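Please consult the sequence and the structure shown below while reading.

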Amino acid sequence: MKTVYTFGGSADHSDPRQKDKTVTGGKGANLAEMAQIGLPVPPGFTITTEECVDYLAGGSDFSDDLRAAVADALKHVEQTVGKTLGDNGDPLLVSVRSGARVSMPGMMDTVLNLGLNDKTVAGLAATSGDDRFAWDSYRRFIQMYSDVVLGVDHGLFEEALEIAKEDKGFYNDTEMEAEDWQTLVAEYKGIVDQELGHPFPQDVNQQLWGAIAAVFDSWDSDRAKVYRRLNDIPAEWGTAVNVQAMVFGNMGDTSATGVAFTRDPATGEKAYYGEYLINAQGEDVVAGIRTPQYLTKAAREAAGAKPLSMEEAMPAAYSELADVFDLLEKHYRDMQDIEFTVQDGKLWMLQTRSGKRTAKAALKMAVDMVGEGLVEEKEAILRVDPMALDQLLHPTLDPDAKRDVLTTGLPASPGAASGVIVLDADRAEQLAHGGEKVILVRVETSPEDIHGMHAAKGILTARGGMTSHAAVVARGMGRPCVSGASAVSIDMKARTLRIGNRELKEGDTLTLDGSNGQVMAGEVATIEPELAGDFGILMEWADKYRRMRVRTNAETPNDCRMARQFGAEGIGLCRTEHMFFEAGRISAVREMILADSEAGRRDALAKLLPEQRSDFREIFEVMVGLPCTIRLLDPPLHEFLPHGDSEFEELAENVGLSVDYLKRRAGELHEFNPMLGHRGCRLGITYPEIYEMQARAIFEAACEVAKTSGEAPVPEVMIPLVATRRELQILRALVERVAAEVFAEQGTEIEYMVGTMIELPRAALMAGEIAEEARFFSFGTNDLTQTTLGVSRDDSARFLGPYVDKGIFARDPFVSLDLEGVGQLVELAAERGRATRGDIKLGICGEHGGDPASIGFCEKVGLDYVSASPYRVPIARLAAAQASL
Ligand code: ADP
Ligand code: MG
Ligand code: MG
């Protein structure tokens with residue numbers, strides 16, 4: 001199997017492995033594909049991801065085979081360009097670029113202008129006829145290589161450059177002359193020597209292999225690990241390395257570098273979108289050193305900006321670029337994110353990939369592209385990441401609310417957020433952990449800030465354009481972001497910031513509107529999301545193709561209404577204990593728990609009955625005609641106990657018992673391991689009167705609603721934490737007896753079912769027997785995960801992070817179902833349940849019911865429905881559709 005693939009020039013691109021991202025990475029695969037369809041791509045070669053994995057596993061060593069394959073591939077590049085790496089007269093320069101299977105913005109570092117040294121720089125100057133360009137390239141190379149490969153702090157180089165410019169009285173880098181760069185190069189080399197104790201490597205082969213090693217090593221950097229964890233990217237993927245002949249955007253005013261999207265990645269509008277810079281190289285556009293210029297005349301005019309757009313300044317290269325945009329969209333049938341360089345008027349393509357987009361843009365593009373005949377409905381459904389819908393389902397700023405606008409920056413990532421100002425990523429993470437809503441405010445962000453950006457509700461930067469790090473990452477994460485708000489100045493020492501003439505400090509509240517770039521003081525009122533339009537169309541398509549039903553986990557009428565708006569087709573889990581906590585009721589609940597006799601409990605339960613009945617009535621009214629799974633009381637009783645003296649005193653007064661007595665009873669109820677203690681159906685077995693009251697409340701409410709609305713709900717009474725058939729047999733008889741009583745009293749009958757939750761391994765194993773008593777199973781995968789893994793949900797935070805980092809778990813098993821282990825139990829229980837009762841209804845009601853990967857599994861096992869929290873219902877609808885395509 002090949003370890004190195006060449007592209008460009010006369011390279012043969014026919015091996016399908018070369019266009020397989022798992023082998024050559026996203027960048028490498030697309031470079032080969034662009035070269036194959038005849039686009040101008042500088043020649044180069046890709047070292048496979050497999051080599052990265054081998055290298056990292058094998059003690060960071062390169063095999064002789066790999067060295068030979070690279071030498072061959074380099075010859076291809078040299079022959080195509082007609083220059084040789086390390087040749088003093090006419091040197092080839094290359095870039096060394098990382099490229100994993102999926103793009104990981106900012107994670108991996110690219111080295112440009114490799115191949116320059118004290119001798120080749122003269123050759124470059126002579127052949128280009130441009131001294132300034134040659135020395136500019138050399139100083140860039142030393143800085144980048146020293147930073148990325150040799151680990152020298154880049155701040156030292158930036159400082160030296162600042163001082164050099166100051167000495168000369170220059171403001172822009174472009175004012176520096178050849179001699180100025182040459183002097184700086186000498187200083188840079190001095191810095192390297194001083195920091196490392198040895199000189200900057202002059203041997204071009206040493207440079208090349210050093211850079212390749214650095215790319216491989218960067219796969220295991222802390223930054224990359226954080227990003228991988230946040231995005232569920234397995235460590236085994238590795239990254240490819242791309243070595244590519246340099247083209248130069250820094251060769252004067254007929255040269256430029258830029259980034260572009262074939263459609264607007266924020267709104268989805270069909271308009272070219274991007275930025276470019278004349279006489280610049282590489283990351284200059286995104287680094288915020290100079291303010292980039294617009295690509296199109298229309299965008300420049302809309303923004304009221306002066307510097308000419310590329311369309312105006314370089315019409316020939318622009319029109320060639322526009323043709324490439326169209327060609328790439330037709331070829332990939334998707335919006336592309338493109339990097340290009342113009343060298344002396346000639347366009348070169350350096351990268352293309354399917355562009356990241358906001359949820360709103362993803363929807364619009366998916367729907368538009370079906371209209372344009374570019375993709376089919378099914379593909380459009382598959383195009384939209386279900387989790388991204390989350391961005392659209394949350395409130396936006398009320399257009400009529402008063403806004404105290406401090407300044408307006410660039411609308412880098414849409415959505416609105418309010419929170420307290422925090423000036424660094426670590427603190428943002430800490431405060432967010434404590435439940436605080438934070439807005440991260442930075443001059444600009446870098447990959448070191450990712451954890452803070454993730455923790456923040458919104459991001460504000462003083463510098464950087466629409467394609468800056470902050471903008472790209474925020475859009476990917478679905479965080480609102482305002483970038484390039486130049487009126488913001490931060491004083492890190494005092495931990496304050498000034499916006500225009502207003503002084504603010506860390507901890508003050510700020511609101512961001514990422515859709516128009518506004519930065520506002522204080523909190524601004526929000527409105528509910530728009531669920532029609534493109535969203536409605538895509539959801540309609542999803543509903544057409546999905547097999548599984550989607551229900552919701554909800555117990556308040558408000559949540560039920562919200563869930564129905566989002567398309568819920570019933571309730572998958574109504575947790576009755578939540579109703580016990582409501583104000584005014586907890587006292588009766590406590591009285592019931594602390595009573596020392598059945599009679600005492602019945603007295604207290606009689607007070608709760610009308611309350612529960614009215615809860616259920618309201619819910620049934622919203623869900624009329626739809627199935628409603630109601631779980632009888634589940635948590636350990638001690639969760640309802642009074643805390644602290646004042647609560648005991650209040651209760652004592654209410655129920656007419658002494659504080660001492662109540663405290664002693666509470667002590668008796670203490671459990672060492674309550675999650676495995678007196679809870680679930682064990683409560684129903686020991687205190688049948690509790691379940692009797694609940695069953696009565698359910699059936700009375702259902703009969704009432706049937707009478708008033710003419711259509712009955714379909715209650716599905718669910719017994720939790722069943723381990724044995726006998727438990728369910730006893731409790732089912734209890735529920736059926738109460739149902740019969742209520743129906744006789746009311747003179748009416750409604751349809752209902754009794755079933756159970758499968759949430760203990762024994763229940764899963766014994767599902768065949770249990771199904772004799774159960775009309776339905778609902779997989780309670782939260783507890784099933786807890787009991788199968790023997791991992792406490794509430795105490796696992798401390799070790800789950802390291803477990804995921806070390807690859808022991810691919811993902812947090814409470815977020816995404818452990819398909820191999822817990823999944824087996826689900827599959828087996830479904831099989832055994834069906835063998836006993838062919839028409840048994842099967843669903844899932846754990847957190848996993850809203851997780852797309854777990855939903856895919858539910859489809860495979862053939863469950864009838866998934867149930868998710870209200871905001872996740874649309875996500876589940878889309879994921880269920882994707883799973884059945
Ligand atoms: P990233 O993965 O961070 O986008 P890239 O490998 O795409 O990193 O490199 C960043 C930038 O460096 C590119 O956008 C391009 O401007 C520049 N670059 C990379 N390779 C070359 C090359 N061979 N010639 C000119 N510029 C290059
Ligand atoms: Mg980069
Ligand atoms: Mg790139």
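The C-alpha centres of domain 1 and domain 2 lie 23 Å apart. This is a predicted model, in which local features need pLDDT of at least 70, side-chain atom pairs count only at pLDDT 80 or more, and totals for chains, interfaces and linings use all residues. Residues are numbered from 1 along each chain as its sequence is written, while chains are lettered from A and ligands numbered from 1 in the order in which they are written.

**Domains**

The chain is divided into domain 1 (4–245), domain 2 (256–357), domain 3 (394–527) and domain 4 (533–576 + 594–636 + 682–884); these bounds come from an automatic or database domain assignment. Helices (H or I, at least four residues) and strands (E, at least two) are DSSP runs, numbered from the N terminus.

**Ligand 1**

Which domains give residues to the shell around ligand 1? Domain 1 and domain 2 both do, so the ligand lies between them. The ligand is surrounded by 16 residues, the closest being S95, R97, T110, G282 and E339; a residue is near a molecule if its C-beta atom, placed from the backbone, lies within 6 Å of it. Strands β5 (94–100), β7 (239–245), β11 (336–343) and β12 (346–354) each supply at least two residues of this shell.

**Helix packing**

Two packed helices are described by the angle between their axes and the distance between the axes. Here the axes are lines fitted to C-alpha atoms, for helices over the stretch in contact, and angles run from 0 to 180 degrees between N-to-C directions.

| Helix pair | Axes come within | Crossing angle |
|---|---|---|
| α19 (residues 533–545) and α35 (residues 873–884) | 8 Å | roughly 50° |
| α14 (residues 359–371) and α19 | 9 Å | roughly 65° |

In α19, M539, A542, D543 and Y545 meet P874, R877, L878, A881 and S884 of α35. Elsewhere, D534, F535, I537 and L538 of α19 meet L363, K364, A366 and V367 of α14. By class, this contact of α14 with α19 has 6 nonpolar, no polar and 2 charged residues. Ala, Val, Leu, Ile, Met, Phe, Trp, Tyr, Cys and Pro count as nonpolar, Asp, Glu, Lys and Arg as charged, and the others, Gly among them, as polar.

Methods: Two residues are in contact if their C-beta atoms, placed from the backbone, lie within 7 Å.
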